[in-house]
Amino acid sequence: MRARHGDFAAIPVYLFIMEMDDDDDERGISPAVTLYSILGFWLFYVIIVTLRSLIVGFESQGEMAIRRIVVTVIGIVLTWCLYLVLRRFDRFSIGARVAIASLTAIPVAIAVGGANYYMFNVYDQASMFQDISNHSVEKMDAWQEVGELAVTRYFFLIAWASLYLALSYASDSGRAERRAARLARAAQQAELRSLRYQVNPHFLFNTLNSLSSLVLKSRNDEAEAMIMSLSNFYRTSLTSDPLDDVPLSEEVHLQKLYLDIEAVRFPERLRTRIEIPDALLDCCVPGLILQPLVENAIKYGVSRTTRPVTITIRAADEGGKLALTVTDDGEAVPGDDPDMIASNGIGLANVRDRLTARFGDQASFLAGPVHGGGFAVKLLMPQHRAGC
């Protein structure tokens, strides 16, 4: 997979997929955890067998303990070999892995049983361990006794293999959940980037139309002032990451730059009012979240009338949430105006979707005509001051 040249939104997704591929190579549980589980199981085995020996009252407990330790070390090594086999099938389904563990444990159990038989029956034929090993059971030949020992060790190894598969399955499930969470986060970031990138082209289109009209009317000084304001606006707005929040003071500063641009078009009609308490200036908001609202007020509040229109940007604390409102006192806009509906599909709908993608149900969006004329849009979002 390759990100297209110039497609900046694709780069984080590409890096995310690379991260997922690396994560898929680390399935199962770590070797350290596996080793601890093996040591724990065999320690349990030593304790149980030693207690049994003490209860039965076998003699030469010290000598038996040494040989038991040797068998345990061999068992640990063989169980580790069983793990090395099982880990090669970590990408298989859990049913296949259970079947593989059940089959692979058979030769390992036979090997452990053979080691146990050798240490207590063959290693020292003159010792008492041959009689002890056959205590309370009828005399069996070597293969029968190895088989009997292998059966008991098989269930012991199956118990460890079950623990290993359970831990491995839990690890894979947790990894899948984390991967799904990262995927959801990447999708959310991609959506936020896409919505954020819609703002600049939409704004630039409207501004260039205004600039074109000034040039056609030979208002060159005003056109030059608009170009300088446009340059300052983009220099400021494009330096921030689309995913980063910005202080409300910075967002309002950007809107002032934009209003300076529009003031060149409507020097007699455009009035602005900023009503933001100092205590809220450091609140974090999504970058350019107010831009489409102010554009909407210019397009439908200012440009459609010949009288002065005031655009007001307000901020307030409502129940611990930040309320941002952009209003204009222009002419009343019919609710079924097709131009208004089309604009909302790009402007106001963009803001609504960005709020939903960024805050989910914690944010709300209200828009509608104001009694007596004009239009108002209110944004309600969580109020926080860290991370911007």
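A residue counts as buried when its relative accessible area is under 20%, as exposed when this value is over 50%, and as partly exposed in between. The exercises below apply this and other ideas to a predicted model.

**Exercise 1. Determine whether Ser 218 and Leu 288 are buried or exposed, and describe the backbone of each.**

Step 1. Begin by placing the residues: Ser 218 is found in the loop between α6 (142–216) and α7 (220–237), while Leu 288 is found in the loop between β3 (284–286) and α9.

Step 2. Next, consider the backbone angle phi. Most residues other than glycine have a negative phi. Ser 218, however, has a positive phi near 60 degrees although it is not a glycine, and Leu 288, also not a glycine, has a positive phi of about 60 degrees.

Step 3. Finally, apply the cut-offs. The relative accessible area of Ser 218 is 56%, so this residue is exposed. Leu 288 has a relative accessibility of 1% and therefore counts as buried.

**Exercise 2. Work out how the helices α8 and α9 are arranged relative to each other, and which residues bring them into contact.**

Step 1. Helix α8 covers residues 248–265 and helix α9 covers residues 291–302; their axes come within 10 Å and cross at roughly 25 degrees.

Step 2. Angles under 35 degrees count as roughly parallel, and α8 and α9 are therefore roughly parallel to each other. Their crossing is right-handed.

Step 3. On the side of α8, the residues in contact are Glu 251, Gln 255, Tyr 258, Leu 259, Glu 262 and Arg 265, and they meet Gln 291, Val 294, Glu 295 and Ile 298 in α9. Sorted by class, this contact of α8 with α9 has four nonpolar, two polar and four charged residues.

**Exercise 3. Which strands make up the open sheet, and in what order?**

Step 1. The open sheet is formed by five strands in the order β2-β4-β5-β7-β6, with mixed pairing. Its edge strands are β2 (270–275) and β6 (364–369), each of which pairs on one side only. Ignoring direction, neighbouring strands of this sheet are turned by 10 degrees against each other on average.

Step 2. Helix α8 lies across β2, β4 and β5, running at about 170 degrees to β2, whereas α9 lies across β2, β4, β5 and β7, running at about 145 degrees to β4.

Terms used:
Residues numbered from 1 in each chain as written. Predicted model: local features only at pLDDT ≥ 70, side-chain atom pairs only at ≥ 80, totals over all residues. Heavy atoms only, no water. Axes fitted to C-alpha atoms, helices over the stretch in contact; angles between N-to-C directions. Helix = DSSP H or I, 4+ residues; strand = E, 2+ residues; numbered from the N terminus. Parallel < 35°, antiparallel > 145°, perpendicular 65-115°, else oblique. Left-handed = near helix turned anticlockwise from the far one by under 90°. Contact = heavy atoms within 4.5 Å. Nonpolar A, V, L, I, M, F, W, Y, C, P; charged D, E, K, R; others polar. Buried < 20%, exposed > 50% of the residue type's maximum accessible area, 1.4 Å probe, protein only. Pairing = 2+ DSSP bridges.
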